[in-house]
Amino acid sequence: MTDSSLRETEIRREMKAMLTYVLRHAPSEALLERSLEALSESDRESIGLPAFAIASPRWIRLLEPVGPPRSVRQSTLRRRLNACSILAETSTEGVDRFRRRSSSTPLMTIIAFVPALLIDVVLAPVRMVCSRLLK
Amino acid sequence: MIQVPFQHDIVIVGSGVAGVSTALPLVNAGLNVLMLDVGLQPEGPGRPDMALTSLLWQSDDTQWRTLLGDDLTGLGDVSDTTPKLRVPQFRYVQKGFGDAYGLTATGIRAMGSLAAGGLSKIWGAGTFAYDQADLTGFPIGVEALLPSYAAVAARIGISGASDDDLSSSLGHHALLDPLPLHPAAKVLLGRARAKRSRLQRFGFTLGRSRNAVITRDRDGRSACQLDKMCLWGCPRGSVYSADQDLLVLRARPNFCYRSDCFVHAFRRLPAGGYRLDVGPPENFVAVETVETPYLVLAAGTIGTGALVADALDLLDYPLPILSHPAMAFAFVVPIQFGYAEQERGFALGQLAFALDDDDCHDRAFGVVFAAEGLLAADLASRIPFFTVPAASAIIRALQPAMLVANCYVASDYADCRYTVSRRCDRRIVRLVGAHTTAFEQRFEEIKRRVRRAMRQLGAWALPGGARRAELGSDGHFAGSVPMTTSSDRWVSSDASGEVRSLRGVFVVDGAALPRLSGKHPAFTIMANADRIGRHLATVITG
């Protein structure tokens, strides 16, 4: 394998992990291709996500910086996650993750997001440490 | 006055709201008008005529093509760009403008357009008349603008209400029926009526927004279909844009429109009148000349300023220009928790508010939008601290109850300059801008007051939901050739828009406004251009 194809494989794995993290399921091939197309030529470098995040994308949560990004890798991660989110919302497989067409009770509305919020609060100290892996 | 056999009575540069607003009274007076414009057109097909909700949930997985564009440039840089500037359908609107003027900007985002219809293709359609207090620093009073406000309102069609607390300060012209409000906005408006006196203590007044959006079919335009896709353009022409009037003008025998004509420079002719160097924008050299006895500049504040400074040989001098300091807020209305996303709605301004300081000297002005017209992922990316899954869960739950607001303060809170230079026969325009030191304090005060007022109305501010916008990011530029009473500035025009030292050259766009109040300036730019057009018609026809 040449250097460039190795690099492409690495980026592909990272984008797949990020889309899986956003969608909470593996993305379709079409969505993955779209996310790779979205990367400009000047931005086609691997972030260097740790192996545990590639193997189990839910742990990308620990790598997201708590405050503003403090390194190029952190800001690239944030930028790509934002792009993955928009791509997911504008796809049939991801729109339900971002928008809600059915009504619910006010209590259910709060219950829908409070657990995710609490997890972030509880994990904040761990994120502060782990996000340094992307320094 | 000038006796030269010119082909046209008058030449207008630019086809934006100011250009067409000046052209109409001139053409109606029977004058031969030539409009020179680059006139860029949309590059691809417009968006499909369907509601955002239907589009997002369509099953063929092609919605991204409409929302982001085939080449995905609609993704842009999510972190710092106003969403509407990333919309693929409107990428052409700003295309080539920076290159054509050799534009560089520091501390401010420069914006202009070479498109047919100019920046009105991407405007927010807010139409708020200036009152006498807003006209502080103008050489004209509000009575000079009233007939033109009425004429422009009748022409473009403005929906809104004239019976709420804010309406008295937004003008008394004819209005179309208001657009239906989003339920969260309806809650706010209802409570504002009930708590009027308490809100007045904060100097806060709330009412319906006024929008150049028609609510019944007219003039070949269709009434707003409430598809929530205003951000991606309006295929039915419900939202006014200047190219609609351009079509009307082009049907008139005494109006001539020439596209692909970029005016590189103009010079005074010894015998009177002006010679314009015209050519394609990308060549940087003129390929032909056009001569005219009267010249109207409507090339946009930056373009007009550059042309005038160049003609006056004011090269390498930093000249003042105005920009509108802006901020944005996000709120939720908890009483709306649990509601599903609205299938239909309107994505531009729902409500408007004014916020006076303690002395009532300094009025901030804002517009409230329903958040449903934006991409949820875009909103989620702006929530600090939380990870993507948590932020998207928050937005998914709250978006139907969420409102976003922008708010402007007077241009006095920004210090901006433009400098025109020539390098190797190419014009270069440098724009430098910064907020004044007083802005930070004003921003904090507005943030505090708006939050308190919104709390009274049952809306909670979202953490991290208040932010300062980059200067120029909404395109509200003005004052590069301001109307003034005295000639103590290097570049200025008189009350009729005629440039001092360049008799026969009239500035009609935002460049002519000597100050921006908190209100959105587009309606006043149109009214002032109409006023100058009428004046000019009288001067020329005698």
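The legends below describe close-up views of a predicted model.

**View 1. A positive surface patch on chain B.** In this predicted model, the side chains of B:R198, B:R201, B:R448, B:R452 and B:R455 form a positive surface patch. Two or more residues of the patch are given by each of the helices α8 (196-201) and α13 (437-456) of chain B, and the largest share, three residues, comes from α13(B).

**View 2. B:R452 within the patch.** B:R452, one of the residues that form the positive patch, lies in helix α13 of chain B. This arginine counts as partly exposed because its relative accessibility is 35%, a value that falls between the limits of 20% for buried and 50% for exposed.

**View 3. The aromatic pair of B:Y130 and B:F138.** Over all chains the count comes to 13 aromatic pairs. Among them is the edge-to-face pair of B:Y130 and B:F138, with 6.1 Å from centre to centre and 75° between the planes; both B:Y130 and B:F138 are buried.

**View 4. The aromatic pair of B:Y149 and B:F523.** The rings of B:Y149 and B:F523 form a tilted aromatic pair, at 4.8 Å centre to centre and with 50° between the planes. Because B:Y149 lies in helix α6 (residues 142-156) of chain B and B:F523 in helix α14 (residues 522-541) of chain B, the pair ties together parts that are 374 residues apart in sequence. Both B:Y149 and B:F523 are buried.

**View 5. An aromatic cluster.** Three residues, B:F97, B:Y101 and B:F262, form one aromatic cluster.

Key. Residues numbered from 1 in each chain as written. Chains lettered and ligands numbered in written order. Predicted model: local features only at pLDDT ≥ 70, side-chain atom pairs only at ≥ 80, totals over all residues. Heavy atoms only, no water. Patch = residues over 30% accessible without salt bridge, like charges linked within 9 Å, V, L, I, M, F, W, Y side chains within 5 Å. Areas by Shrake-Rupley, 256 points an atom, 1.4 Å probe, with all protein chains shown as cover. Salt bridge = Lys/Arg side-chain N within 4 Å of Asp/Glu carboxyl O. Lys, Arg positive; Asp, Glu negative; His and termini not counted. Charge placed at Lys NZ, Arg CZ, Asp CG, Glu CD. Helix = DSSP H or I, 4+ residues; strand = E, 2+ residues; numbered from the N terminus. Buried < 20%, exposed > 50% of the residue type's maximum accessible area, 1.4 Å probe, protein only. Phe/Tyr/Trp six-rings, centres within 6.5 Å; stacked < 30°, edge-to-face > 60°.
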